[in-house]
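Here are my notes from a pass through this model, as numbered points. Have it open while you read.

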Amino acid sequence: MSNLGSVNEEASSDLDRNILAPRQVKLTTRSAIEINRLLPHKGIRRIGAWVFFDHFGPTEQTTAMQVGAHPHTGLQTVSWLFSGKVLHHDSVGSKQIIEPSQLNLMTAGQGVAHSEMSLSTHQLHAIQLWTCLPESHRNTKPTFEHFAELPAIHSANFDAKVIMGRFLNVTSPATIYTPLVAVEITLKDDALLQLEETYEHGIFAVESDLFIDGHPLLTGHLYYLEAGRKSIKLEVLKPTTIFLIGGEPFTEPIVMWWNFIGRSHEEITEMHSAWNSQSSLYPEFHDELNLRIPAPPMPAVSLKPSTGYIRL
Ligand code: MN
């Protein structure tokens with residue numbers, strides 16, 4: 001454990017550009033739940049192919065997540081719970097409850113619709129991330145995968161679950177399309193984590209503050225690490241959980257708007273109209289929410305593709 005004392009707000013202000021503070025986003029489609037968005041961030045738009053990172057809760061509300069049917073294209077949604085229970089439905093016919101330490105992975109490809117509804121009377125504490133599909137696979141047929149158990153790593157100082165990709169020579173069975181990783185790590189004590197040198201990484205403090213290479217990281221914040229690191233030193237004040245993401249820098253210019261990822265304004269316009277006109281791309285499915293969320297009006301300005309790396 002660290003004897004560096006408590007982490008204070010001042011020490012982790014925006015002066016440290018590697019720390020991504022969450023911003024609260026009000027989503028009308030998700031009733032009464034606090035959403036903290038980590039990616040995209042003003043300075044860091046993506047980490048590897050990870051282009052989106054939302055943190056939910058923890059909340060005591062029993063109907064915390066009520067997200068009606070909405071579409072996705074060109075990405076994977078990755079759902080991971082720390083507590084609670086969520087029921088997923090989608091247009092490929094899936095109906096799946098997800099609980100903590102399980103993975104729901106939906107590859108949208110050319111287009112899929114889904115809904116999510118929290119079930120548990122326990123608090124909901126979850127993250128949802130998106131990976132951007134590369135050009136070679138972004139128009140693939142949609143698929144859904146559920147993993148009730150994931151490969152585990154046990155060591156003296158930490159336990160880990162390998163959710164996506166490979167970590168310390170342990171590989172998740174989940175389908176990935178670019179070199180990337182996602183791992184939940186429970187730190188029992190201070191630890192030196194070995195990293196894939198060609199990846200950039202993000203370390204998210206799930207439940208308590210910690211120190212990364214001596215820098216304080218507050219709960220709910222994300223620490224960005226550029227590629228080229230072979231290891232990182234983590235110091236904890238008490239046993240705690242972090243969520244590690246990483247990947248080879250993803251350099252394809254993309255347009256990310258609402259729930260769609262495309263490569264041009266024209267593509268996004270087509271995706272927008274396919275959803276709002278109830279195209280056969282999105283077969284109907286039935287759930288208890290019985291809601292269909294229309295795409296908002298297209299912006300007046302033309303959407304421009306971006307590589308997303310705009311370090312401030
Ligand atoms: Mn979604």
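1. Some ground rules before the details. Helices (H or I, at least four residues) and strands (E, at least two) are DSSP runs, numbered from the N terminus. The model is a predicted one, so to speak of local features pLDDT must be at least 70, and side-chain atom pairs count only at pLDDT 80 or more, while totals for chains, interfaces and linings use all residues. Residue numbers start from 1 along each chain as its sequence is written, and side-chain values use heavy atoms, with hydrogens and water left out.

2. Let's start at the metal. Three histidines are the protein donors of the manganese ion: His-70, His-72 and His-114, each through NE2, at 2.1 to 2.2 Å. Donors here are N, O and S atoms within 2.8 Å of the metal (3.2 Å for Na, K and Ca), and since water is not among the atoms, sites may look incomplete. The sequence spacing of the donor residues reads H-x1-H-x41-H. His-72 sits in strand S5 (residues 66-72) and His-114 in strand S10 (residues 112-118), so this pair links distant parts of the chain, 42 residues apart. Both His-72 and His-114 are buried, where buried means under 20% relative accessible area, exposed over 50%, and partly exposed in between (1.4 Å probe, protein chains only).

3. S5 and S10 turn up again in a sheet. Four strands form an open sheet in the order S5-S10-S7-S8, with antiparallel pairing; two strands count as paired if DSSP finds at least two bridges between them. The edges are S5 and strand S8 (95-98), each pairing on one side only. From one strand to the next, the twist averages 20 degrees, with axes taken as lines fitted to C-alpha atoms (for helices over the stretch in contact) and angles running from 0 to 180 degrees between N-to-C directions. Strand S7 (residues 86-90) and S8 run antiparallel and are joined by four bridges, with Val-86 standing opposite Ile-98 in S8.

4. S3 deserves a look of its own. Five of its five residues are buried. Strand S2 (residues 23-24) pairs with S3 in the antiparallel sense over two bridges, and Gln-24 stands opposite Asn-36 in S3. S3 and S4 also run antiparallel, joined by four bridges, and the bridge partner of Asn-36 in S4 is His-55.

5. Now the charged pairs. How many salt bridges does a search of the whole structure find? The count is eight, taking a salt bridge as a side-chain nitrogen of Lys or Arg within 4 Å of a carboxyl oxygen of Asp or Glu. One of them joins Asp-54 and Arg-37, at 2.7 Å, N to O. Asp-54 lies in strand S4 (residues 50-59) and Arg-37 in strand S3 (residues 35-39), so the pair ties together parts that are 17 residues apart in sequence. Asp-54 and Arg-37 are buried.

6. Arg-138 and Glu-267 form another salt bridge, with the closest N and O atoms 2.8 Å apart. Arg-138 is in the loop between strand S11 (124-132) and strand S12 (143-147), and Glu-267 is in helix H1 (residues 265-276), so parts 129 residues apart in sequence are tied together. Arg-138 counts as buried because its relative accessibility is 8%, whereas Glu-267, at 22%, counts as partly exposed. Both belong to a network of salt bridges that links Glu-135, Arg-138, Glu-252, Arg-263 and Glu-267.

7. Asp-213 is worth checking on two counts. Its salt bridge with Arg-229 has its closest N and O atoms 2.6 Å apart. Asp-213 is found in the loop between S19 and S20, and its phi is positive, about 50 degrees, although it is not a glycine. Asp-213 is partly exposed, with a relative accessible area of 29%; Arg-229 is partly exposed too, at 26%.

8. Most residues other than glycine have a negative phi, and most peptide bonds are trans. Leu-168 has a positive phi near 50 degrees and is partly exposed, with a relative accessible area of 36%. The peptide bond from Leu-39 to Pro-40 is cis, with omega near -5 degrees, and Pro-40 is in the loop between S3 and S4. The bond from Gly-57 to Pro-58 is cis as well, with omega near 5 degrees, and Pro-58 is in strand S4.
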